[in-house]
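Please look through the sequence and the structure below before reading on.

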Amino acid sequence: MRGGGVESAGRSLVRIGPGLAVAAAAALTLAWLVAPQPAPAQAMPAGSASATTAEAATANVYRGTAADKLAEVVKADLERVYVPNLRSNDVYVIDPATLKVVDKFKVGIGPQHIVPAWDLRTLWVTNNAEGRTDGSMTPIDPRSGKPGKAVPVDDPYNLYFTPDGSSAIVVAEARMRLDFRDPKTMAAQFSIAVPGCPGINHADFSIDGKYAVFTCEFAGTLAKIDLASRKVVGYLKLRMPSTRYKPRSVAERAQGKVWEPGATELCTLDKGMPQDIRISPDGKRFYVADMSADGVHVIDADSFTQTGFIASGIGTHGLYPSRDGRQLYVINRGSHKIHGSRLGDGSIAVLDFASEKIVARWGIPGGGSPDMGNLSADGRWLWLGGRYDDVVYRFDTRDGSAVSVKVGAEPHGLTVWPQPGRYSLGHTGNLR
């Protein structure tokens, strides 16, 4: 497909009100959270650019997240799967060895994602309280698996960290704003307004760490943010494919673990619904999941233009690289709707990075709604929330077979812990 260039640039530095800074600073009462913590093994200190120059030099973004790269600082952490349940306002904790729920606790209103901190010492639950003003973030100590005192934070739909670890980036989706905060206390630093990005939600970072690209769910666009100048440097509208998939019948969904593409229909939409985004191992491309387009847009990183599209399945939503960095697990939620029905036409497509071809497809017998999650530390298991089915799925990455675990109401961005890597860039475990 022909690429379109940067459409426009924006201004954007905005200060957060002092009230939020005071509220965030109140988290200082949480001793274990704000006490000095050891840095992850091999991680560079905050403020250093060296943490990202290594990836650029070796041209392998994921070299630090291989199965044998578990940092010393996380080796005493509990092996757990933490599941935020959006409608029941709680977190379920699963022991992956037994597939049993071993704990559950209440958090704030509308927990969306569970995000490892940059230094790997805290797991943050982002409670964005959609449509309200009482958003918060709940810290979890990964060594005990227990929550601490919630920190008041405005509209934290998602959470990322600058590659140097100097700031947390709270994605205030409803405000069309990125709020930069202290990565430990969440005290306010500054904000970047992103007025051309309604539904701003997911992000990934360039191989050199100089900029980030955020997806704009309700505009069908991407926003490029220069981290040094602290401003929007461009927007890119994504082009839709000519066709997309039609959901299969209930009978077809019951046919075993391999997902076979069904009939297609004309795609008459003029804009998509981009979700997750991931960079290629060599840093030359970004892959963007699109729930309305049923596939992955391919973006050239240097020129910020669209160069292709890869059809993957219905309601493409999440993206997770394999532990060896050779494949990308593309999660298809099974519905084009934000609020889908139970037992949808969900699936997983396995994309080969080198050839950009789909090399395997996995289904859920009877249907389902796989959403966000992550891999086990060894890469054997892919854990995903079943968004509309109130379950969590565990896929075997060797053959695509799956089992499910019952959890709370509307599980969303779960994380698996511990994860290999030197530091976290956010989301459900985008480590480097």
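Are Asp371 and Arg387 buried or exposed? Both Asp371 and Arg387 are buried, a word used here for under 20% relative accessible area, with exposed meaning over 50% and partly exposed in between (1.4 Å probe, protein chains only). The model is a predicted one, in which local features need pLDDT of at least 70 and side-chain atom pairs count only at pLDDT 80 or more, while totals for chains, interfaces and linings use all residues. Residues are numbered from 1 along each chain as its sequence is written, and side-chain values use heavy atoms, with hydrogens and water left out.

Asp371 and Arg387 form a salt bridge, their closest N and O atoms being 3.4 Å apart; the term stands for a side-chain nitrogen of Lys or Arg within 4 Å of a carboxyl oxygen of Asp or Glu. This pair links distant parts of the chain, since Asp371 is in strand β28 and Arg387 in the loop between β29 (381-386) and β30 (391-396), 16 residues apart. Through shared partners, salt bridges join Arg87, Arg333, Arg342, Asp371, Arg387, Asp390 and Glu410 into one network. The count of salt bridges comes to 23.

Another of these pairs is Asp77 with Arg143, whose closest N and O atoms are 3.4 Å apart. Asp77 lies in the loop between α3 (50-58) and β2 (80-85) and Arg143 in the loop between β7 (136-141) and β8 (146-147), so the pair ties together parts that are 66 residues apart in sequence. Asp77 counts as buried at 6% relative accessibility, whereas Arg143, with a relative accessible area of 43%, is partly exposed.

Turning to the strands, which are DSSP runs (E, at least two residues) numbered from the N terminus, an open sheet of 4 strands has the order β20-β21-β22-β23 with antiparallel pairing, where two strands pair if DSSP finds at least two bridges between them. β20 (274-279) and β23 (305-311) stand at the edges with a single partner strand each, so one side of each is left without a neighbour in the sheet. β20 pairs with β21 (residues 285-290) over 4 bridges in the antiparallel sense, and Ile277 has Val288 in β21 as its bridge partner.

Finally, which strands each supply at least two residues of the lining of the largest cavity? They are β24 (316-321) and β28 (370-375). A cavity is a set of points on a 1 Å grid over the protein atoms alone where a 1.4 Å probe fits but cannot get out, and lining residues have an atom within 4 Å of a point. The largest cavity is lined by 14 residues, with Arg278, Pro321, Arg323, Asn374 and Gly429 nearest its centre.

Conventions:
1 Å grid on protein atoms, 1.4 Å probe; cavity = no way out; pocket = protein on both sides within 12 Å on 5 of 7 lines; lining within 4 Å.
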